[in-house]
Amino acid sequence: MLRSASGGFAAVLGLLASGCQREEVRVYRVPKEQIAVAPTANAPSAESAPKIGWQVPDGWQVKPADGMRLGSFGVKGADGATADVSVIPLPGEVGSIDSNINRWRGQVGLSAVSEEEAAKLGEPVSIAGVDSRLLDFSGTPPGKSKAERMLVATLERGGTKWFFKMQGDDALVATRRNEFIVFLKSVRFQDDAAAPAEAAAPAASSSWKIPAGWSEIAPGPMQQAKFTAGGKAEVTISIFPGQAGGLLMNVNRWRGQVGLGAVDESDLANLIQQADSPSGKLTVVDMKSDDGAKRLVAAIATRGSESWYFKLLGDAATVEKERAAFVKFSGDPR
Amino acid sequence: MKRITSILTSLRLTIVLLGLSTILVFIGTIAQANYGLYDAQDKFFKSFFVLWNGVPVFPGGYLLGWLLVINLVAAQAKRTELTKKKAGLIMIHTGIVLMLVGQLATDMVSTESQMQLFEGDTKNFSEDFRANELAIIDASDPKDDQVVAVPESILATKKDISTPALPFSIRVKEYWANADLLRSGFSNAVPANATEGFLKNAFVLSKPTAKDMESRSLPAALIELTDKAGKSLGSWLVAAGIRSDDVAKIDGKDYRLSLRFTRHYKDFELSLLKATHEKYRGTDIPKNFASRVRVKMNSSPEVRETIIYMNNPLRWAGYTFFQYQMAADELALRQMNMDRASSTFQVVKNPSWVTPYIACVLVGVGLCWQFGFHLFGFLRRRKPSVA
């Protein structure tokens, strides 16, 4: 009885083991993929999908590009706040940006504006080297209780209108606004491969004139590049459109990073120095923590409509040693 | 032999196995924090041994499960006689064995995938939640396509792949389990160095594999195609989640290359006719998700229209279609710039889905039988005898 039962079980075990899906190369024939498209739809087919690339900021979660999206990302903040980023190309006539503005405003519960008012909204932004407008709407969407914010920019290219959109929790989207702008700048189309290297996308590592003793490491959120300098200090580069909060706010932010209290506008002049560099004027600030252990040197350069922020932060002795190389690098980074 | 038999049939072994199972469940559950749900399942439960640096350190779920089954059957075979009195016990134990074997079978042969359809779409395949495959498609036949699908697990071994179905071999030069593709290089993003294709100039930033259930890893691979003499025909970077639609022209024939979510083809096609998304008025609370679908077998003109909604899946040809996600309300459509509603189904194939039901019936009937037998025996004995 026992023997026959054991034999039976060995057979069952063998059967199940063989039924276990072993991974192997499969060769099969399938009917040609025919996805019936409703007459109203203007989704790009996989074959005609435009070739586009971009640089995904750190901390964005890449999601499968399904539906009409060619790019789909999730952004998470504190307390479960989320935002969604999408890149959607729509071929054909989909209306001008102004005609879409009231639709977007409606999505976040804002009232419609006239065409004249709509034309004045937004601020300039560059997508793939092309000037566009970044629209920023916030409000409480119909049927929802929490405020949401929407950043949207469009780009027309070869008969296709591209929609780049970040939408989600109001506060989260507001704090990630610069990341979205950096993302827009990094967008590249395949036929842009020969575009000039000075385009706004972060440059390849080889293009930085890295001083001796520095080595490049992965940049953090909103940073274009990051280096270690002399072992005990780090250099970061961030590029923002416009003034990015202004000099006073940034100086006080840096002071906070070395444990110093805030200053007001009247003290500012005593804290900053101006330096000449091959790329123009540099504004340099230098600060040390009260105990003298930590030191921060920052340099700000204005290039066109952008502000470039260079920061050297670390052990005071190392910063002292690297300061000259840092200032030189800030004036002529690549 | 006698000794082995005595060990296999001992109650002590049952206790030890149950104890080890408890420990395994505890460790496996805690490990989910580090490994994520699916990796922890594979490492602790869907394995014969738990490995640490390649060395087996603890019995895995499959081993404990099988040993429990063998122990239970052997003990029953040794101790239980086929009598009316013991019939209940046999049924209970058979039910438990069936439940264990059914679960093992579910683990080994069941598949879960998803199918997203826009209104008006028809599809005959679903896509895996986790697995990816390199698909090489020869679309030269006007009627159908020949697909060579290489699972990601084979790509990960970076071994050369050849099949009689292709006039070339595939050399996996690089493989990244989860990667972001960049247009420029940071210090730890490496140029893929592909010689052909849409992603020719891309840089690859390797990332840790996705741990939480909401995200999935998006792998990438640099593949080189070589002819029979081993001569390179070019190399392509393929990446899941990116529609590159690269075409390799070899011997005058076009082969489409893509790393895609593993497809599970069906013998039938499913069309989404209408997606309905109702919410309770003034709230975001879903009241009703419903998808009106039409299924049509490939082999017969049989057509069926039905509605899939929450807790009312469609069971068809061995598959169960559950309503999973939906983008059909006006706001969702506007937010996604879509003009058609879409519905996503979770598609489950589990040939042994019926075993837990049979097992429960067996255990239930067995318990009734066993208790009933004792109860009636007791009542019979209690009945005062008439002198």
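In chain A, the secondary structure comes to 8 helices and 17 strands, where helices (H or I, at least four residues) and strands (E, at least two) are DSSP runs numbered from the N terminus. This is a predicted model, in which local features need pLDDT of at least 70 and side-chain atom pairs count only at pLDDT 80 or more, while totals for chains, interfaces and linings use all residues. Residues are numbered from 1 along each chain as its sequence is written, and chains are lettered from A and ligands numbered from 1 in the order in which they are written.

Of the 334 residues of chain A, 30% count as buried, a word that requires 20 or more other C-beta atoms within 10 Å of the residue's own, with C-beta atoms placed from the backbone. Among contacts in chain A with a separation of 6 or more, 52% come from residues 24 or more positions apart, two residues being in contact if their C-beta atoms, placed from the backbone, lie within 7 Å.

In chain B, helix 2 (residues 11-35) packs with helix 4 (residues 61-79) at an angle of about 155°, their axes lying 10 Å apart; axes are lines fitted to C-alpha atoms, for helices over the stretch in contact, and angles run from 0 to 180 degrees between N-to-C directions. That angle makes helix 2 of chain B roughly antiparallel to helix 4 of chain B, because angles over 145 degrees count as such. Among the residues that meet are Leu13(B) and Leu17(B) in helix 2 of chain B and Leu64(B) and Asn71(B) in helix 4 of chain B.

Helix 2 of chain B also packs with helix 3 (residues 37-45) of chain B, at an angle of about 145° and with axes 8 Å apart.

Conventions
Buried ≥ 20, exposed ≤ 12 C-beta atoms within 10 Å, placed from the backbone. Parallel < 35°, antiparallel > 145°, perpendicular 65-115°, else oblique.
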